Amino acid sequence: MQGIKMRIKELEPGMVLMDDIYCPQTGILLLKAGTVLRRALLRALQKNNPDLYCYACRSSAISRNEEILAVKADPAAAENLSLEEVSGKENWENRPLFPPGFVDREAGEIYAQACRVFNKIYSGRKIKPYLRELYNVIESLVGKLLIHPEMMIYVALLKKIDNSTFSHAVNVCVFSAFLGKVAGIKEPLLKELALAGIMHDIGKMDIPVEIWRKKGRLTLLEFNKVKEHSLYSYFRLANIDQVDMQTLMGVLQHHERLDGSGYPHGLKNDELHLWSKILGIADVFDAYTSERSYRKAYSYHQGLEHLRQNSARFDSKLLNIFIRSLSFFPIGSRVLLNTGENGIVMGIHKHYPYRPIIRVAKKDGSGEKLIDLAESRSVFIEKLL
Ligand SMILES: [Fe+2]
């Protein structure tokens, strides 16, 4: 083994790790051998695990190379990194979030409240003071999702009226909890998954804002700094007692991909935690269906198609569930209503795809009737049969 054995608190910026570092509390792989310890990363590591021993050496060659090399702004990478997002100037108190006539005010208010709480955390650069508020809003969001899943999804898709870091966080929260629910995860774990969803990118606030705002090409150094954000998300949450290990794993690995093409560690297949597989699908779907300065938002159907075309990168079972569940009840499909009735989708409202017109048999056996879910608000689709 090359390098010097030393405590993490003794490391200096620019040093290179010579062996992997695992979190002593959780056993999670944090940093791989070969990682260059840039200042911000080292600060986060020293704050969390100052007395841990590791092997490291001094090397300026690696970081100098990073300065010289440049990467072309790759659209696929940009989707994944959700660049150009941080403005920090949104005023959530005065902004109307939803168009008039929106069908469910409660879902809209929960969504807006989640954005407000996230805004406070992001602006205040602290999580703990807002933890209770965060858990409260997640409780409401998951509660709503369990009763009216289509409504929370619908609200998340409407986010295109306001594209920001905050709505991305809440959308990933909604899509992750939704995918977790349809994949069979039950409460209270679903709330933890939702927490991982809303906090997955919180480490972005540790990346210099000039990098997020930079137009055009990033240097390799900048690119690598951006890719550290999932580590910062992990470090920020690992300091909080209430946050469990699954949430930490999900957050740390949310950019890892099954084919090994992800980061920070290039993990493969079952090396990825279930929650990171869920977060990854939700994150990419939302990035793709969000507006960028260089393109309009893709439709949710295009978003699903994009996921399908990149299926080697995602867990196939979860991806199929997600695509099937968001395919919005095509005409002719059989569905189970919360009333216990089976029905067939007969028509879809352009603006309310989650609330189609259903044909069901009358209970007295005297024929069939149509239920328009856009009008019968207490009735909703439990699942696709
Ligand atoms: Fe991310």
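What covers the buried residues of α8? The structure in which this is asked is a predicted model. The cover of α8 includes α4 (105-124), α5 (131-147), α7 (165-182), α11 (229-238), α12 (245-252) and α13 (274-288). Helix α8 itself spans residues 189-199, and nine of its 11 residues are buried, so the helix is mostly covered. The buried ones are Leu-190, Glu-192, Leu-193, Ala-194, Leu-195, Ala-196, Gly-197, Ile-198 and Met-199. An α-helix has 3.6 residues a turn, so residues three or four places apart point the same way.

The chain contains 15 helices and 12 strands. Contacts can also be sorted by how far apart the partners are in sequence. Among those between residues at least 6 apart, 64% join residues at least 24 apart.

The next topic is the nonpolar cores. The largest nonpolar core has 85 residues, and within it Ala-114, Leu-141 and Val-174 touch the most other members. If neighbours within four places in sequence are left aside, Ala-114 is in contact with Val-137, Leu-141, Val-170, Cys-173 and Ile-198. Another core, of six residues, lies apart from the largest one; among its members are Val-345, Ile-358, Leu-373 and Ile-381.

Strands are the next subject. Strands of a sheet pair through backbone hydrogen bonds, either parallel or antiparallel. Here five strands form an open sheet in the order β11-β10-β9-β8-β12, with antiparallel pairing. Its edge strands are β11 (368-372) and β12 (381-384), each of which pairs on one side only. On average, neighbouring strands of the sheet are turned by 40° against each other, direction ignored.

The pairing can be followed from strand to strand. Strand β9 (residues 342-347) and strand β10 (residues 357-361) run antiparallel and are joined by four bridges. Ile-344 has Arg-359 in β10 as its bridge partner. On the next step, β10 and β11 pair in the antiparallel sense over five bridges, and Arg-359 stands opposite Leu-370 in β11. β10 and β11 also form a hairpin, with six residues between them. In the turn of this hairpin, Gly-365 has a positive phi of about 75°.

Ala-40 is found in helix α1 (residues 39-48). Is Ala-40 buried, exposed or partly exposed, and why? A residue needs 20 or more C-beta neighbours within 10 Å to be buried, and is exposed at 12 or fewer. Ala-40 has 17 inside 10 Å, so Ala-40 counts as partly exposed. Although Ala-40 and Ile-207 are 167 residues apart along the chain, their C-alpha atoms are separated by 8.3 Å.

Ser-261 is found in the loop between α12 and α13. Ser-261 counts as partly exposed because it has 15 C-beta neighbours inside 10 Å. From C-alpha to C-alpha, Ser-261 and Arg-313 are 7.6 Å apart in space, while in sequence they are 52 residues apart.

Note on methods
Residues numbered from 1 in each chain as written. Predicted model: local features only at pLDDT ≥ 70, side-chain atom pairs only at ≥ 80, totals over all residues. Core = buried A, V, L, I, M, F, W, Y, C linked by C-beta atoms within 7 Å. Contact = placed C-beta atoms within 7 Å. Helix = DSSP H or I, 4+ residues; strand = E, 2+ residues; numbered from the N terminus. Pairing = 2+ DSSP bridges. Axes fitted to C-alpha atoms, helices over the stretch in contact; angles between N-to-C directions.
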